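Here is a short walk through the structure shown below. Keep the sequence and the 3D view side by side.

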Amino acid sequence: MAEVKLTNVKKQYENGFVAVHDFNLEIKDKEFIVLVGPSGCGKSTTLRMIAGLEDISGGEIMIGENVVNDMEPKDRDIAMVFQNYALYPHMSVYENIAFGLRLRRLPNDEIHKKVCEAAEILGITELLGRKPKQLSGGQRQRVAIGRAIVRIPKVFLMDEPLSNLDAKLRNQMRAEIILLREKIQTTFVYVTHDQTEAMTLGDRIVIMKDGYVMQVGTPQELFNHPANLFVAGFIGTPQMNFFDAKLSKDGGKYTASVESAKISLPEYICEALSKKSKLPDTVTLGARPENLILCADGTPGAISAEIKVTEMMGSEIHIHARTAGGKDIILRVQIADMTDEEQLELIKRKHFSFTIRERTVNIFDPGDGRNLAVENAAAVPQKAETVVNTDDFGKKKKKKDKKSKE
Amino acid sequence: MSKKKYTSKSGKERAVRIAIYIFLTVLCVIWLIPFVYLIFQAFRGESTSMVTYVFPKEWSFKNFIFLTEKTPFWHWYLNTLIIALFNAVLQSAIVLCVAYALSRMRFKGRKLLMNFMLVLGMFPGFLSMIATYFILKLFGLTSENAVPGLILIYAASSGMGYYIAKGFFDTIPKSLDEAARIDGASRARVFFRIIMPMAKPIIIYTIMMAFIAPWGDFMYASLITFGHEEAYNVAVGLYKWLDKEHISNYFTVFCAGGLLVSIPITALFMSLQKYYVEGVTGGAVKG
Amino acid sequence: MSKLTELEYLGLPPMKRKLYNAGQFFVRLPGNVLNFLKKIPLGIWKAICAVGRFFAGIGKIFADGDWKTRLSFLVMGFGQFFRHQIGRGILFLGMEGLFIWFMCAMGGGYLYGLKDLGTQATIKTLNDYGLEVVTYKDNSLKILLYGVLTIFIVVGFIYTWLINIRQNYTAQKLIEKGVRPKSFKNDLKSLTDEQYYKTLLAVPLLGITLFTVLPIFFMILIAFTNYDYSHLPPDKLFGWVGLENFRTMLATDASGSDKFAYTFREILIWTMIWALVATFSNYFLGMFVAICINRKGIKFKKVFRTALVMTIAIPQFVSLLLVSKMFADEGIVNNILLQLGWISEKIGFWTTQDMARVMVLVVNLWVGIPYLMLIATGVLMNIPADLYESAKIDGASGIKQFTKITLPYMLFVTGPYLLTSFTANINNFNVIYLLTAGAPKTMEFQGGAGGTDLLITWLYTLTVTNNDYKIAAVIGILVFIVVAVISLIVYNVSPAMKNEEDFQ
């Protein structure tokens, strides 16, 4: 039940590796924020800085009214759920949940009441007497959550809580977290590498890469208007297709020509483009697999392609193909209203043509990867071997990009 | 064809097994001979010197009675027991503290400290004994006061033997500490409430080793107790019975004393063998 | 041998690959050793840099500090008083007072005494009644010991002084920023939390400093004196002699004889042979026994294991002394062999040097195999079963499985253990001393050394029996150098120590 504010937060390890650069975020009270990104992007480090498990090298973190930079985790009034659950193996489930309350010297009957309440919410009342070893993965996860909610913390931190569960259980727990969130009204910060979790859980999502924030926004914003090529590629499966396109201006209208197709860009993009002082000649045009539409060969403005692989997914078909211009693309075709014969025919095809749904396209600057229609979009960091501190001999040491946190 | 091959293979296997059984049995016999011999000699009633045969002609408790009535053996025994008990407490406390600090906490100079202790360990321990002897003498803790003196030096240098306990602590997930700290525990509480209860095997191992070590120490004890028989530990006391002047009168008495020392230690060791094996293999594997 | 590319290497048949690897090891060895040696000046340079930074830091504090901080350079705790940190101020001021008092009353004298370790020897005179009167004057040993203690106290004080000015400086900076510095009470409280390591390490480190570091420092100094049986305090004085003792040990002594050097060389060589043979014979035989016991289908595993482990439990002074007597000239083994008629005269197991050396190695097997059996069993249990399964599917025979999986895995996992047990064997006092006490003695050796003496047991004899402390101290230092150099080279050269992840 508090706001969390991160201002210019930075994390640099002793070996010089910068895990988080200049992180700014205001988390509103009772908001569910998801930090997402590939491994090594700094999302866990950020969460651990909020928790106080990692020192802050620069900037400021506020929880509620307090600057917590130098506060021990125990004084921050937060709770955290760990990826490996971190249940105390020598204590019963009951004691695991009660541990934090006991440390705060609550009277015994109050502890009992709270533990029972928390167990009730999570449906683990009958497990209270067991030891963590006797529980299944899903049950352990519930206990870990129980331990966190029992104290009613100001901020609730979750570090990849579902990634140790199997796929089916993960879906189930995801739904339960959504329910849980409605029951206990508090601020959530949730870290995951799984974009589906991010999309389904978050009020807002923070996408990170190499220690930089790529975009902050609602799931819808991220999906429909990705700020740069990285976000566009990271969110959505199968991945967004990218085409090389030539921009041309005709009055107030912009047209992008991709191979044999001419795509007139939607209104809002044209407006944004016309405000730019300088535009690149060639741009990258992004279109999601479901926005490539099959059409009859010879349709004007269609692009033709050779099929490489067809994947039958049940309710839809994914077609991997190569366009006449040599681009590898993926199409997603809904087949719910096709007959079996039509589906079979589609699967057996070697060749097809498609058009691009104009309303949905995004235009990116191929140089720095920015979405040309999104204001203040972050550039994609250049993935290169970062050169870190020079040692006493003045030789330059090279560090690998990924660096385990110690 | 295939059947023939099968039988020949199982025949070969049987031969290998028989060979192994024979080898292991011989091995065990060789390994146990000294103990059997020790027991026979301890209970031998006739002649106190070494004899030319193994089986005693007369079984008796004479040697044990002699030990009790004519020698300060039980006094040495008590000395050693006191040292061992104190050492078990002090040394384990120190080892566990150092191991926890070096395994779970990150502070400036940690690596330096570990390397420093590694280098210190390369000096032969006995080298420092002369100076230690004079320091103890300064405090008046040699000769007649050798028991507290020995307790002090065993415990004082025990911080350097933290490796095995640290190796064990390193295997406990860090997230447990973190979870407890978020739950509201200070580092001290994490140590006592979370890590210690989980470290039971290594605590037992540490206590056991700290208890057993003083029983076998000859090098340090002989120097610190020099010239004062009352303060000897069992090793120093019994050692001198086997020199040229004493052996003919004391050989069987030595065996009786050795047996009295060995029985409780062996019993303790065997009953806690599991922990010993865990500690030793864990320590060796991690170096 | 020319270096191959990775693909060329992979294309070689297995035997050639091994040859190539062995060749490459020796090709690289000088380079690796050289690289390692190169690191030494780098380390020294780094140390110099660190010292430079250290003084620069102090200078910066003085330059940046306000008058309170600057005055604290002289009067410790001064700044703290003016910054309302009374508790800390009292602590620092008290320490400074104590230190000044100590230095004036005693420390200064002790330090001065280090110059020549005493000038007036004890005087023995006869009094009027013809009785001896002893007037104790300077005791070199005490002078040296107190001097060393004083040096440690001075170093400790300088460290406290540093903490004092650093604290002053950080407090000053915090106040300038408008933040209240942490109170003394908070600081004490953090000793159970952020700074808990200080609480945990205080007592152990004090113990180590007082009973390990200080004595070692003291003994290193002894190596540069003439402290021996003819210079025994309190009757006689001893003094500094520079590198004299090292010359005696490594080349020729004052009288021109190289007997000490010869003895040292011989014992060093035997120590190395002992450590190598003892380590590896135990290692491989222990592993062999473990494999036998753990073989599938062998019953009574527990019985065999327990019988062997018994030897670890029984105190070595009992078992080894007994074994030594069993093999003595009049011991039971000789007697039984005579009675059986297998030998016609007694075998001197401990009387000739070669025989005694073989015997200690053999008896050491009896001591060491159970340990290795336990360790090897632990490792064997940990070898992932699927490695064997896939090897079986690939058609590997039992022997192939051993050489391709078991052995490399064992060597890899226990590599560091091999090193520690090698250095432990260099310093293996118990086995040698309890079995032979260094015997057989020979006239060839100086300093009471015998045929089976290791450096460590010789060190013991030199100090306890011969009171030849100066030489003992030199040996101690040389043992340290040997152990340190071997460990460093092994750690730096051996690939197993670096590629920790290979098998995991």
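A residue is buried if 20 or more other C-beta atoms lie within 10 Å of its own, exposed if 12 or fewer, and partly exposed in between, with C-beta atoms placed from the backbone. A nonpolar core is a set of buried Ala, Val, Leu, Ile, Met, Phe, Trp, Tyr and Cys residues joined through C-beta atoms within 7 Å. This is a predicted model, in which local features need pLDDT of at least 70, side-chain atom pairs count only at pLDDT 80 or more, and totals for chains, interfaces and linings use all residues. Residues are numbered from 1 along each chain as its sequence is written, while chains are lettered from A and ligands numbered from 1 in the order in which they are written.

Start with the core. The largest nonpolar core has 294 residues. Those with the most contacts inside it are Met80(A), Leu157(A), Val189(A), Ile363(A), Val98(B), Leu150(B) and Leu459(C). Helix α3 (residues 73-104) of chain B gives the most to this core, 14 residues. Helices (H or I, at least four residues) and strands (E, at least two) are DSSP runs, numbered from the N terminus.

Now look at Val98(B). Leaving aside residues up to four places away in sequence, Val98(B) touches Gly159(B), Tyr162(B), Leu200(C), Leu201(C) and Pro204(C). Contact here means C-beta atoms, placed from the backbone, within 7 Å.

Next, the interfaces of chain B. Its contact with chain C takes 66 residues from chain B and 74 residues from chain C. Helix α1 (residues 2-42) of chain B supplies the largest share of the chain B side, 12 residues. Against chain A, 14 residues of chain B meet 17 residues of chain A. Here α8(B) gives the most to the chain B side, with seven residues.

Turn to chain A and helix α4 (residues 137-149). The buried residues pack against β6 (78-81), α2 (93-103), α3 (108-122), β7 (155-159) and α5 (167-183) of chain A.

Last, confidence. The model scores ipTM 0.87 and pTM 0.85. Chain C has a mean pLDDT (the predictor's confidence in each residue, from 0 to 100) of 84. Over residues 496-504 of chain C, the pLDDT is below 50. Where pLDDT is low, the predicted coordinates should not be read in detail.

Terms used. Contact = placed C-beta atoms within 7 Å.
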